[in-house]
Amino acid sequence: MSPTLSFSMNGLLTLIEISALYLLSSCFFQNKQNRLSFCCSLFIILLLDIIVMILAQGQLLLKVMLLAIVATAWIKYVFRESVIKCLATSVIFLSFMLAGDSVFLTGLSIILRQNISSYLQTPYGYYLFCYIIKIIELFAFVVLHHAIQAQSSFQNATWTDWLRIISFPGLSVIVSVILAQLYTAEPDFAPQLLFCSIILVFTDLLAILLLNYLDQQRQALHDYSILKHSIKLEQDNVQAWMKAYDNQREQTHEFQNQLAVVYGLAQQEAPDGKLLQYVSQLLQTDLSNS
């Protein structure tokens with residue numbers, strides 16, 4: 001494998017990990033950047049992660065520390081949360097990725113019933129298993145994201161919601177395991193299988209983005225229906241108040257007419273009486289003889 005192709009493979013793996021970091025961060029925080037700023041930040045963190053990988057090659061502790069700093073700064077910029085929350089999220093993410101790589105690699109060895117360490121010695125085999133593991137990790141982050149979102153919104157997700165969310169990532173995991181089995185059976189087809197795994201990863205990412213977009217649209221429609229119902233209730237209240245106001249005006253006008261009749265009778269019968277003064281005060285006007 002050429003150095004350029006190897007560099008490209010590492011860059012794609014880093015981009016997948018950044019996508020997983022965004023999935024984890026969006027479980028707790030809300031994106032406060034527009035699309036242009038967010039895309040620029042993705043390019044910057046990708047570039048910084050690649051630089052860290054090159055500078056800290058062979059030094060695991062230094063690499064993890066630098067990646068944690070970069071991830072914390074990126075989460076701080078995108079989500080605008082406190083540094084402590086951003087640092088905690090980045091530490092959780094890196095811990096999961098470090099543990100997940102080993103756990104999922106061991107799980108693949110158990111599923112395939114083979115020691116796959118020998119297959120990792122070849123470049124194509126190494127990157128093939130790396131992409132397969134990233135597919136499994138993306139599936140885990142999708143499940144975690146949906147579970148936390150369902151709990152935070154105080155809604156019980158139905159089985160249809162879960163099926164819609166995890167169907168494609170789950171199928172991607174199954175297909176990736178089949179690709180691993182094919183590789184162990186036919187190592188000569190490693191380049192073709194690696195190409196298939198790359199396509200599968202990006203299809204998985206596009207499916208996740210599409211599902212998130214559909215969820216946002218669904219939530220927007222739900223909010224619109226609630227707003228429409230609230231507006232209708234307010235309109236009904238306004239109509240009721242207007243009707244009550246019209247009835248009150250009609251009764252007040254009728255009462256004023258009756259008071260005017262009483263005033264006229266009192267003026268004829270007892271012009272100097274107290275009744276005329278009292279009715280005049282009620283009318284709050286000085287009616288003339290005309």
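Modeller: Glu17 is partly exposed, with a relative accessible area of 22%. The scale calls a residue buried under 20% relative accessible area, exposed over 50% and partly exposed in between, using a 1.4 Å probe and protein chains only. The model is predicted, so local features need pLDDT of at least 70 and side-chain atom pairs count only at pLDDT 80 or more, while totals for chains, interfaces and linings use all residues. Residues are numbered from 1 along each chain as its sequence is written, and side-chain values use heavy atoms, with hydrogens and water left out.

The side chain of Glu17 meets that of Lys134 in a salt bridge, at 2.8 Å from N to O. The term stands for a side-chain nitrogen of Lys or Arg within 4 Å of a carboxyl oxygen of Asp or Glu. Glu17 belongs to helix H1 and Lys134 to helix H5 (residues 123–152), so this pair ties together parts that are 117 residues apart in sequence. Helices are DSSP runs of H or I with at least four residues, strands are runs of E with at least two, and both are numbered from the N terminus. Lys134 has 6% relative accessibility and counts as buried.

H1 and H2 cross in a right-handed way. A crossing is right-handed if the near helix is turned clockwise from the far one by less than a right angle, and left-handed if anticlockwise. From H1 the contact takes Phe7, Gly11, Thr14, Leu15, Glu17, Ile18, Leu21 and Tyr22, and from H2 Phe38, Leu42, Ile45, Leu46, Asp49, Ile50, Met53 and Ile54. Contact here means heavy atoms within 4.5 Å. Sorted by class, the contact of H1 with H2 has twelve nonpolar, two polar and two charged residues. Ala, Val, Leu, Ile, Met, Phe, Trp, Tyr, Cys and Pro are the nonpolar ones, Asp, Glu, Lys and Arg the charged ones, and the others, Gly among them, are polar.

H1 (residues 3–28) has a further partner in H3 (residues 60–79), with axes that come within 11 Å and cross at roughly 55°. That angle makes H1 oblique to H3. The crossing of H1 and H3 is right-handed. Leu21, Tyr22, Ser25 and Ser26 in H1 meet Ala71, Trp74, Ile75 and Phe79 in H3. The residues of this contact divide into six nonpolar, two polar and no charged.

H2 and H3 meet each other as well. Their axes come within 10 Å and cross at roughly 170°, and H2 and H3 are therefore roughly antiparallel to each other. On the H2 side of the contact are residues including Phe38, Leu42, Ile45 and Asp49, and on the H3 side residues including Leu66, Val70 and Trp74. The contact of H2 with H3 holds twelve nonpolar, two polar and two charged residues.

Another salt bridge joins Glu81 and Lys32, with 3.5 Å between the closest N and O atoms. Glu81 is in the loop between H3 and helix H4 (83–112) and Lys32 in the loop between H1 and helix H2 (35–55), so that distant parts of the chain, 49 residues apart, are linked. Glu81 is buried at 17% relative accessible area, whereas Lys32 is partly exposed at 39% relative accessibility.

Thr72 is found in helix H3. With 9% relative accessibility it counts as buried. Leaving aside neighbours within four places in sequence, Thr72 is in contact with Val83, Cys86, Leu87 and Ser90.

Ile148 is found in helix H5. At 21% relative accessibility, Ile148 is partly exposed. Not counting residues up to four places away in sequence, Ile148 touches Cys27 and Phe28.

The whole structure has four salt bridges.

Key:
Axes are lines fitted to C-alpha atoms, for helices over the stretch in contact, and angles run from 0 to 180 degrees between N-to-C directions. Angles under 35 degrees count as roughly parallel, over 145 as roughly antiparallel, 65 to 115 as roughly perpendicular and the rest as oblique.
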